[in-house]
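User: Hi! Could you walk me through this structure, one question at a time?

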Amino acid sequence: MITAEDVLELPAASRAAPAARLPLSVNTAASVSVVIPAKNAAAYVGETIASALAKAGVTEVIVVDDGSTDDTLAIVRAVRDPRLRLIRNDSAGVSAARNLGARYASSEWLLFLDADDRLRPDAVAALLAAAHGAPRAVLVYGDYNTIDSEGRQIGRRDLLKGRRKPSGDVLSRLAAGNFIVNGGIALARAEAFRAVGGFDTSLRYCEDWHCWCRLAAIGEFEFTPKLLLDYRLHTANTMNAAVRTPKDFFPAIARVFDDGLILARLPEGTAPGLRLAAELHLITYAAMQAVRFGRYRQALGYLAMVGQRSLKALPRAAARTTLARFGI
């Protein structure tokens, strides 16, 4: 496999176009480690763990407690399954918790599951099937739907059945905007994840997007058009999302487009345009979130920011923001 170090040692002239990706080993009995960072997740972590342990192919579930002060630890310790491991972390943040879990994982593939979400019944099987059919893939992914605090479906992403997302060499598409969204819909090859250094703990937001971009710089991705995850929206995480502004996401954009590994693999001369596309994508995302929480004036302000950067992009941004109002 091409590692991060291999990329950075390439001559500058070789970095403009992606180098040939070498085939990776295919294991017909591939194993998955599910890493669950948890902090004060007592309300949901039991259901989340159960959804992971119920999946064939999951050889271990690693819960990394990040300084919980509620009953999270007691709930995790009450689960009687030899595949479950508990690691304590001292409020170092979600990225550090994920990295720690990955460090102790023993499986070929990693799945990063948030402690308030739940995997759908065929999630891991579908991802492993996609991985088996794509020997060059360092990451395979699907899609998600949204549920409320009681587990009731509130999203309508099932209306998007059959929608295709990119496979193969996806770096340019991914640098223009994160189409994976949630780590619970993806398997990352553990070897590749470690080669790119895991999640950047200096980023507060969009650290997953940066990590996915680094993975896309060293290998291919594979998409399976299935809803694999119930992504829970509840008071705690929606309150957090509601107060985010586009400026919160800009440090991640700077990090992506100042990353030598990523820049080495982007076609020459494309970085400025892709950076603008990433800004438009994240500003639109902020507008979509504002609409979901009824902050329509904010949403209009964010759409105005899109228009200031690109009038051509405004109609699509407005359409996406409108669809967000209906859970799509």
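The questions and answers below go from the whole chain to some local details.

User: Before we start, what kind of model is this, and how are residues numbered?

Analyst: This is a predicted model, in which local features need pLDDT of at least 70 and side-chain atom pairs count only at pLDDT 80 or more, while totals for chains, interfaces and linings use all residues. Side-chain values use heavy atoms, with hydrogens and water left out, and residues are numbered from 1 along each chain as its sequence is written.

User: Thanks! What percentage of the residues of the protein chain count as buried?

Analyst: Helices (H or I, at least four residues) and strands (E, at least two) are DSSP runs, numbered from the N terminus. On that basis the protein chain has 14 helices and 8 strands. Buried means under 20% relative accessible area, exposed over 50%, and partly exposed in between, with a 1.4 Å probe and protein chains only. Of the 328 residues, the buried share is 54%.

User: How are α12 and α13 oriented to each other, roughly parallel or roughly antiparallel?

Analyst: Axes are lines fitted to C-alpha atoms, for helices over the stretch in contact, and angles run from 0 to 180 degrees between N-to-C directions. Helix α12 (residues 271-292) and helix α13 (residues 296-309) have axes that come within 7 Å and cross at roughly 165°. Angles under 35 degrees count as roughly parallel, over 145 as roughly antiparallel, 65 to 115 as roughly perpendicular and the rest as oblique. The two helices are therefore roughly antiparallel.

User: How many residues of the contact of α12 with α13 are nonpolar?

Analyst: Contact means heavy atoms within 4.5 Å. Among the residues that meet are Leu 276, Leu 280 and Ile 283 in α12 and Tyr 302, Leu 303 and Val 306 in α13. Ala, Val, Leu, Ile, Met, Phe, Trp, Tyr, Cys and Pro count as nonpolar, Asp, Glu, Lys and Arg as charged, and the others, Gly among them, as polar. The contact has 2 polar and 2 charged residues, and its nonpolar count is 13.

User: Which residues of α8 make the contact with α10?

Analyst: Helix α8 (residues 207-218) and helix α10 (residues 246-256) pack at about 15°, with their axes 9 Å apart. That angle makes α8 roughly parallel to α10. From α10 come Ala 252, Ile 253, Arg 255 and Val 256, and from α8 come Trp 209, His 210 and Cys 213.

User: How many disulfides are there?

Analyst: A disulfide is a pair of cysteine sulfur atoms within 2.5 Å. For Cys 213, the nearest cysteine sulfur is that of Cys 211, 9.4 Å away. Cys 213 is also buried, at 0% relative accessibility. The disulfide count comes to 0.

User: What is the phi of Cys 206?

Analyst: Most residues other than glycine have a negative phi. Cys 206 lies in the loop between α7 (190-195) and α8, and is buried, with a relative accessible area of 13%. Although Cys 206 is not a glycine, its phi is positive, at about 65°.
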